[in-house]
Amino acid sequence: TEDMPASRAANGEEFDDYTYWAGDDPQARAAFSASARQVRAPSGERMGAVLAYQEITDLMRAMRVKDEFVSSVSHELRTPLTTVLGYLELLTDRDDLPPDAAAQLQVAQRNARRLLALVSDVLHVARAGAGHLVLRPTQTDLSSLVREAVDTSRPMAERSGVALHVDVGHRQCATVDDQRLRQVVDNLVSNAIKYSSDGDEVTITLRVGDSVELEVSDSGAGIPAAEIPHVFDPFFRGAQARDDQISGTGLGLSVVDSIVAAHGGEVTLQSEVGRGSAFRVTLPLG
Ligand code: ADP
């Protein structure tokens, strides 16, 4: 009862767009969005509260159908794509291919991998949105995990003339979902390189003390203050990234945010246009 909008308003709270389901029967229940404001006399004395309710049952049902649709379509796309990739791999391993066919196969393979990464990200975001992100935590050497992730990004950094500095210590361990955490590091490091240019620097530091602290900072493009609150939203892309046609889907940071949140941690961002960005991930020791 104390969670209902009227009780919260009576206790002096003010809120916007508080959504809840009323009723137990899944077929007949209704969804509402409620907002509340306190009403005060000119003297400041509290006289009561005003509540506004909007029925949003259809909207909530439509959103659920959309999430289920996105989730099942991306799941269905993954299986045939994995098969395509498997056969492409078998083909590229052959040494009797004419050189032009080998080059064409590599293009096909690169794009099929991109498609698979995109489909996996969409599926991930749909699951996280529905609260279905399941973690498989194991005791993990984070120093090696971060070092391996950075090594994977090294060729990309070299091509762009970006220097990588790694300060991750030796055998710093914690209980995390290693595959998902690897995704966090991959996404942050590849963004730091992607939004930097020749001569810029990217620094990755890891400290495991009372909590896990991972920081990925760059001296690259930076993010305008107005965009900072949105960068973790699914499908958000910065105006500069779109104008410069930098490849991306706008899902990377949303994936980072959902994985960090599933670990009970948080990710914060400091950035200034022209000076660079610093993403800091904090995870509690579990
Ligand atoms: P994508 O990189 O595919 O666009 P992300 O979710 O990874 O998607 O990032 C969202 C947006 O945040 C990017 O489009 C870009 O504008 C901004 N951004 C992310 N990381 C950085 C960074 N290190 N430096 C500057 N801008 C960044």
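User: What volume does the second largest pocket have?

Analyst: The second largest pocket has a volume of about 300 Å³. Keep in mind that this is a predicted model.

User: Which residues are closest to its centre?

Analyst: R78, H124, Q179, R180 and Q183 are the closest to the centre of the second largest pocket. Its lining has 14 residues.

User: And which elements give two or more residues to that lining?

Analyst: Helix 3 and helix 5 do. The largest share comes from helix 5, with 6 residues.

User: How does that lining split by class?

Analyst: The second largest pocket has 8 charged, 4 polar and 2 nonpolar residues in its lining.

User: OK, now the largest pocket. How much space lies in there?

Analyst: About 1700 Å³. The lining has 49 residues. S190, N191, K194, S247 and G248 lie nearest the centre of the largest pocket.

User: Which helix gives the most to the lining of the largest pocket?

Analyst: Helix 3, with 9 residues. Helix 4, helix 5, helix 6 (239–243), helix 7 and strand 10 also supply at least two residues each.

User: Which residues line the largest cavity?

Analyst: L142, L145, V146, L181, V185, L206, V212, L214, V281 and L283. By class, that lining is 10 nonpolar, no polar and no charged.

User: Where does the largest share of that lining come from?

Analyst: Helix 4 gives the largest share, 3 residues.

User: Back to helix 3. What span should its 31 residues have, at 1.5 Å a residue?

Analyst: Helix 3 covers residues 99–129 and should span 45 Å. The C-alpha atoms at its ends are 45 Å apart, so the two values agree.

User: Which residues of helix 3 are buried?

Analyst: L105, Q109, A112, V119, D121, V122, L123, H124, V125 and A126 are the buried ones. H124 is also among the residues closest to the centre of the second largest pocket.

User: What covers the buried residues of helix 3?

Analyst: The cover includes helix 2, helix 5 and helix 7 (252–262). After helix 3 comes G131, with a positive phi near 75°.

User: And helix 7, which residues are buried there?

Analyst: L253, S254, V255, V256, S258, I259 and V260 are buried in helix 7. Their cover includes helix 3, helix 5, strand 9 (266–272) and strand 10.

User: Let's do single residues. Where is T57?

Analyst: T57 is in helix 2, which runs over residues 57–92.

User: Is T57 buried or exposed?

Analyst: T57 is buried, because its relative accessible area is 6% and the cut-off for buried is under 20%.

User: What does the side chain of T57 make a polar contact with?

Analyst: The side chain of E55, at 2.4 Å. Leaving aside neighbours within four places in sequence, T57 is in contact with W21, R29, A30 and A31.

User: W21 and C173, how many residues apart are they in sequence?

Analyst: They are 152 residues apart in sequence. Their C-alpha atoms are 42 Å apart in space.

User: Where is C173 found?

Analyst: C173 is found in strand 6, residues 173–176. At 24% relative accessibility, C173 counts as partly exposed.

User: Which residues is C173 in contact with, leaving aside neighbours within four places in sequence?

Analyst: Q139, T140, D141, L142 and V208. L142 also lines the largest cavity.

User: Last one, S143. What place does it have?

Analyst: S143 is in helix 4. At 1% relative accessibility, S143 counts as buried.

User: And which residues does S143 contact, beyond its neighbours within four places in sequence?

Analyst: S143 is in contact with V168, G169, H170, R171, Q172 and L206. L206 is one of the residues that line the largest cavity.

Technical notes:
Residues are numbered from 1 along each chain as its sequence is written. This is a predicted model: local features need pLDDT of at least 70, side-chain atom pairs count only at pLDDT 80 or more; totals for chains, interfaces and linings use all residues. Side-chain values use heavy atoms; hydrogens and water are left out. Helices (H or I, at least four residues) and strands (E, at least two) are DSSP runs, numbered from the N terminus. Buried means under 20% relative accessible area, exposed over 50%, partly exposed in between (1.4 Å probe, protein chains only). A polar contact is a pair of N or O atoms within 3.5 Å; within protein, one must be able to donate a hydrogen and the other to accept it, and residues adjacent in sequence count only if both atoms are side-chain atoms. Contact means heavy atoms within 4.5 Å. On a 1 Å grid over the protein atoms alone, a cavity is a set of points where a 1.4 Å probe fits but cannot get out, and a pocket is an open set with protein on both sides within 12 Å along at least five of seven lines; lining residues have an atom within 4 Å of a point. Ala, Val, Leu, Ile, Met, Phe, Trp, Tyr, Cys and Pro count as nonpolar, Asp, Glu, Lys and Arg as charged, and the others, Gly among them, as polar. The expected span of a helix is 1.5 Å times one less than its number of residues. Grid points are joined across faces, edges and corners, and a volume is the space filled by probe spheres set on the points.
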